[in-house]
Amino acid sequence: MAERVLRGVAAAAGLALGPVWVHQGDAPAPAASSAAGDPGAERRRFQEAVAAVDRDLERLQAGADPQAREILGAHRLMLADPELHNLVEAGIARGLGAEAAVQEATEQLAALLAGLDDPYLRERAADVRDVGRRLVAALAGRAVGLRLEAPAVVVARDLAPTDTIGVDRRLLLGIVTEQGGPTSHTAILARSWGIPAVVGVPGVLEQVQDGMTVAVDGDAGAVVLEPAPETVQRLEERLRAQAEARAREQAEAGLPAETPDGRRVELAGNAKVPGDVAAAVERGAEAIGLLRSEFLFMGRSAPPDEEEQYQAYAEALRLAGGRRVIIRTLDIGGDKGVPYLGLPREENPFLGVRALRLCFRRPDLFQTQLRALLRAGVHGRLAVMFPMVSTLDDLRQARAALEEARAALAAAGIPHALAPEVGIMIEVPSAALIAHHLAREVDFFSIGTNDLVQYTLAVDRGHPELTGLYQPSHPAVLRLIDEVVRAAHGAGKWVGVCGEMAGDPLGALLLLGLGVDELSMSPPALPAVRRLVRAVPFREAEALARQALACSTAAEVEALVRPVLERVAAG
Amino acid sequence: MVERTFTLTHAAGLHARPAALLVQTVQRFPGTEVLIRKGDREVSARSLLSVLSLGASQGDTITVRCEGPQAEEAMAAIAQLVEGGFDG
């Protein structure tokens, strides 16, 4: 057959070329083929399938992270559920085969949960169906979950978390799914693993079969089925270029981020989950400038306990191998999906009870997190960072809470970090303008440019009609940053930036010139920023930043900086 | 037979983790029947799916009934779990 190109959503960058591996995760089971034998035999088959799936889940549980362990634990309880067993046995007694009985029973139980008011419990219907799928697969003698035997591009309807636990990622060349958007589990996983992925490709499953050659272009969001020889040749050239670029980046990853005239900045990586720390270090991050702690709190039924948080933070610190890891305390508000916190809907969630404001109202949550952080601090170089500080009182109250946690640990004789660095995010204009007061009471600042830009220009970053108004290089933003840098240095403290601006060459050049000491960004942006820092003399960047501060519009600033970037790009 | 009524104070009501802890607690008493009632529905506390299907949230009242040789012990263990905010 001829070459075909399918379009989808670009979910994770990069190019992959290889044979298809169709993952039948949630394909409907061949119920018709399960000709019902005698009920006794069907019952035995069901019991054997339950035992096989339970062994499988137990094995997966052993190697999983705490959150996945909890999901798998719930799946094992569902597998052993007497209600499930009663329904299946009743189906078999009515003359159904084991497959059909399992499907009917799990569908009935899933429907029961799907009909509940509580949105969290409704989602558990998916867990019941997942257990059902595993049972049907086991009855058919098929492997459950994603079990690659050779390097392949996985094509699936969607990948569930339980599909990807335990997969050998060296064999995973690329991912294509019919469903899912840029924030689906598949997309997030692919990005954190650095595996090219295209999601939301309608009808792809109908057009592929195992072993068919397929190319995944994770930059363009395209999937090429059975590429023609000329196309393969072109793709192979791009793959070679990609491999060379990666090798070059790796070689450069060890080089210091130092300007030709000797100004040193620290290049750090942002992380969403502990596993991202390894990816950042691989790309030459000298530190982790922002580890968000939200991952522990999202998509679950109850807040994580101290032990689970401790394990996660300790893992991040261990993966960082002695590099500083700045862990930000919970930065969540009514706009995020955390039903168990019971947060009321707010008219203006970004101006409401979020981050520290939420933590102050929920000392149970806050103390648990602070205790876990301090305990984890013995495993590496921990820095604690508080988000959304808008007044000096916020900072003092947060520090008092940290001290309370520390004193409680000390009184109980529990090992903990004695004096971790403590810093705050500067993301609210009020904090930027009183930075000289705040600087005396912290060890460092990290400027969160994403929110600072939003709050300064009063524009929602995700607003579809206002994208042109979201201007990180607006002189108003630059002047606030300038204020913060001067305040920090005046008090002998260091200042970093952990917003998107730090990873964008134009923004990074301005920040360098404004005297920022640390730039923390998503790891893929590190190589380009490193090259930039090593190419532009600090005195030139500084002069450029001074001129930018005097500009009247973002467009003027960009016109000023572009020629320098073009010169650097031209080598 | 022992019967007791509890008000759920845990923020997540009987979501997956608290419900799983409840089922695991009941499993420690194999010969004892444990039933949970919310409103007009009563289900076996040995079935995670049934417990979840009660849809019990924070502030809801549930009634637990234990019958069998270890009814008292089972109730004590459940009370400790529920009143302790599912901290185990």
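This is a predicted model: local features need pLDDT of at least 70, side-chain atom pairs count only at pLDDT 80 or more; totals for chains, interfaces and linings use all residues.
Visitor: What radius of gyration does chain A have, and what does the globule rule give?
Guide: Chain A is built from 22 helices and 16 strands. For its 571 residues the globule rule gives 25 Å, and the radius of gyration is close to that, so chain A is as compact as a globular protein of that length. Its C-alpha trace spans about 85 × 65 × 45 Å along the principal axes. The radius of gyration itself is 26 Å.

Visitor: Which pattern of helices and strands does chain B follow along the sequence?
Guide: Chain B contains three helices and four strands. Read along the sequence, these elements give β-α-β-β-α-β-α.

Visitor: What is the radius of gyration of chain B?
Guide: The C-alpha atoms of chain B fill a box of roughly 30 × 30 × 20 Å along the principal axes. The globule rule gives 12 Å for 88 residues, and the value for chain B is close to this, so chain B is as compact as a globular protein of that length. The radius of gyration is 11 Å.

Visitor: Which three residues of chain B supply 37% of the area that it buries against chain A?
Guide: The contact involves 20 residues of chain B and 20 residues of chain A. About 1800 Å² is buried between the two chains, and carbon and sulfur atoms give 70% of that area. The three residues that supply 37% of chain B's part, more than any other three, are B:H15, B:R17 and B:L49.

Visitor: How many residues of helix α19 in chain A are buried?
Guide: Helix α19 of chain A runs over residues 505-514 and is mostly covered. Among its buried residues are A:L506, A:A508 and A:G513. The cover includes α18, β15, β16, α20, α21 and α22 of chain A. Of the 10 residues in the helix, the number buried is nine.

Visitor: Which residue follows α19 of chain A, and is its phi positive or negative?
Guide: Helix α19 of chain A ends at residue 514. The residue that follows has a phi near 95°, which is positive, and that residue is A:G515.

Visitor: Is A:V167 buried or exposed?
Guide: A:V167 lies in the loop between α6 and β5 of chain A. Its relative accessible area is 11%, and the cut-off for a buried residue is under 20%. A:V167 therefore counts as buried.

Visitor: Which residues does A:V167 touch, leaving aside those up to four places away in sequence?
Guide: A:L60 is 107 residues from A:V167 in sequence, with a C-alpha to C-alpha distance of 10.0 Å. Contact requires heavy atoms within 4.5 Å. The residues that A:V167 touches are A:L146, A:L148 and A:W193.

Visitor: In chain B, what share of the contacts with a separation of 6 or more joins residues 24 or more positions apart?
Guide: Buried residues make up 55% of the 88 residues of chain B. Among its contacts with a separation of 6 or more, the share from residues 24 or more positions apart is 71%.

Notes:
Residues are numbered from 1 along each chain as its sequence is written. Chains are lettered from A and ligands numbered from 1 in the order in which they are written. Side-chain values use heavy atoms; hydrogens and water are left out. Helices (H or I, at least four residues) and strands (E, at least two) are DSSP runs, numbered from the N terminus. The radius of gyration is taken over C-alpha atoms; the globule rule is 2.2 Å times the number of residues to the power 0.38. Buried area is the accessible area (1.4 Å probe) that two parts lose on being put together, summed over both. Buried means under 20% relative accessible area, exposed over 50%, partly exposed in between (1.4 Å probe, protein chains only).
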